[in-house]
Amino acid sequence: MTRCGFVAIVGAPNAGKSTLLNRLTGAKLSIVSPKAQTTRFRVLGIFMRAQSQVLLVDTPGIFRPRRKLDRAMVAAAWTGTTDADVVLLIVDARTGLRDDVREIAQKLAQEKRRCWLVLNKTDLVPATALLPLTAALTGLASFERTYMISAQTGDGTEDLSDALAEAMPEGPYLYPEDDLTDLPDRLLAAEIVREQIFLQTHEEVPYAATVETESFVERRDGSVRIDVTVYVSRPGHKAILIGDKGSRIKSIGARARQDLGGLLDRPVHLFINVKERKSWDEEPARLRAIGLEDPGKGN
Ligand SMILES: Nc1nc2c(ncn2[C@@H]2O[C@H](COP(=O)(O)OP(=O)(O)OP(=O)(O)O)[C@@H](O)[C@H]2O)c(=O)[nH]1
Ligand SMILES: [Mg+2]
């Protein structure tokens with residue numbers, strides 16, 4: 001008898017959710033950066049273990065949203081939990097029990113979700129700090145289980161994946177056994193460019209940018225030509241992204257091309273066009289392009 005189920009990974013921004021998804025699947029499916037609010041939409045990652053297919057859903061960090069884009073991101077995070085058989089609440093053990101973590105735990109408790117607590121980044125804190133943090137968190141919601149891991153080093157993650165595989169309900173596999181994600185290559189390409197923008201620019205610049213793949217053409221020689229557009233919402237950001245004599249955009253393109261070549265397993269020709277587009281983050285079409293739903297009018 002096979003097992004198959006959904007596991008949602010939720011938590012505050014920067015807790016290490018995407019790092020965990022990549023670790024458990026053994027593939028780089030979701031982009032990671034040291035900056036908060038890197039992930040903008042749900043990313044599915046699939047792993048197989050002992051007759052069990054685990055469908056992991058990485059979600060955007062949950063925070064108090066302001067822009068329409070932010071509201072759509074947080075809505076996507078909560079939607080990610082609705083079909084989940086298990087919700088993993090990931091908490092950064094170094095930053096500990098902040099108000100945002102408290103609010104998320106309380107909301108999960110209210111919704112009576114089957115929830116496991118995962119303390120992450122244990123490589124950054126002394127072991128003695130973990131028990132008091134666990135105690136404080138377990139007072140907020142009833143977690144079925146608690147894991148202490150480092151998504152970065154892999155410490156403790158094997159136990160977690162064994163337990164997830166066992167916890168999945170009986171049923172047929174929903175995806176072919178060697179699938180890793182349902183993310184289309186076009187979206188992956190845009191995300192890899194956005195990851196470099198998060199890694200190579202600062203302050204508001206990465207938050208005021210979005211990336212869309214305009215064309216993705218396989219060539220007869222086995223390579224692929226990818227054209228992407230970066231939209232920036234603020235005047236001045238275009239110049240920052242392009243950099244002195246084009247140096248910044250060249251460096252973003254070079255790293256992204258290298259990563260994409262590895263992920264797609266073939267040579268990549270990448271062309272990046274930067275356009276200024278005021279208020280793209282309020283435009284339903286721009287949100288839809290990255291798989292988000294328009295959250296409607298709000299505060
Ligand atoms: N030292 C250490 N760093 C980690 C660990 N897990 C994640 N990180 C780092 O924490 C930062 C945030 O990781 P992400 O995986 O992007 O976090 P996230 O929760 O997906 O963040 P958002 O998508 O912004 O909500 C990155 O710099 C990671 O390299 C860990 O176990 N140990
Ligand atoms: Mg993320």
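A salt bridge is a side-chain nitrogen of Lys or Arg within 4 Å of a carboxyl oxygen of Asp or Glu. The views below show a predicted model, in which local features need pLDDT of at least 70, side-chain atom pairs count only at pLDDT 80 or more, and totals for chains, interfaces and linings use all residues. Side-chain values use heavy atoms, without hydrogens and water, residues are numbered from 1 along each chain as its sequence is written, and chains are lettered from A and ligands numbered from 1 in the order in which they are written.

**View 1. Salt bridge between Arg286 and Glu212.** The closest N and O atoms are 2.5 Å apart. Arg286 belongs to helix H9 (residues 284-289) and Glu212 to strand S7 (residues 209-218), so the pair ties together parts that are 74 residues apart in sequence. Helices (H or I, at least four residues) and strands (E, at least two) are DSSP runs, numbered from the N terminus. Both residues are buried, that is, under 20% relative accessible area, with exposed over 50% and partly exposed in between (1.4 Å probe, protein chains only). A network of salt bridges links Glu212, Arg277, Glu283 and Arg286.

**View 2. Salt bridge between Lys121 and Asp92.** Here the closest N and O atoms are 3.1 Å apart. Lys121 lies in the loop between strand S5 (115-120) and helix H4 (130-138), and Asp92 in strand S4 (residues 86-92), 29 residues apart. Lys121 and Asp92 are buried.

**View 3. Protein donors of the magnesium ion (ligand 2).** Donors are N, O and S atoms within 2.8 Å of the metal (3.2 Å for Na, K and Ca); water is not among the atoms, so sites may look incomplete. Ser18 is buried at 9% relative accessibility, and Thr39 is buried at 8%.
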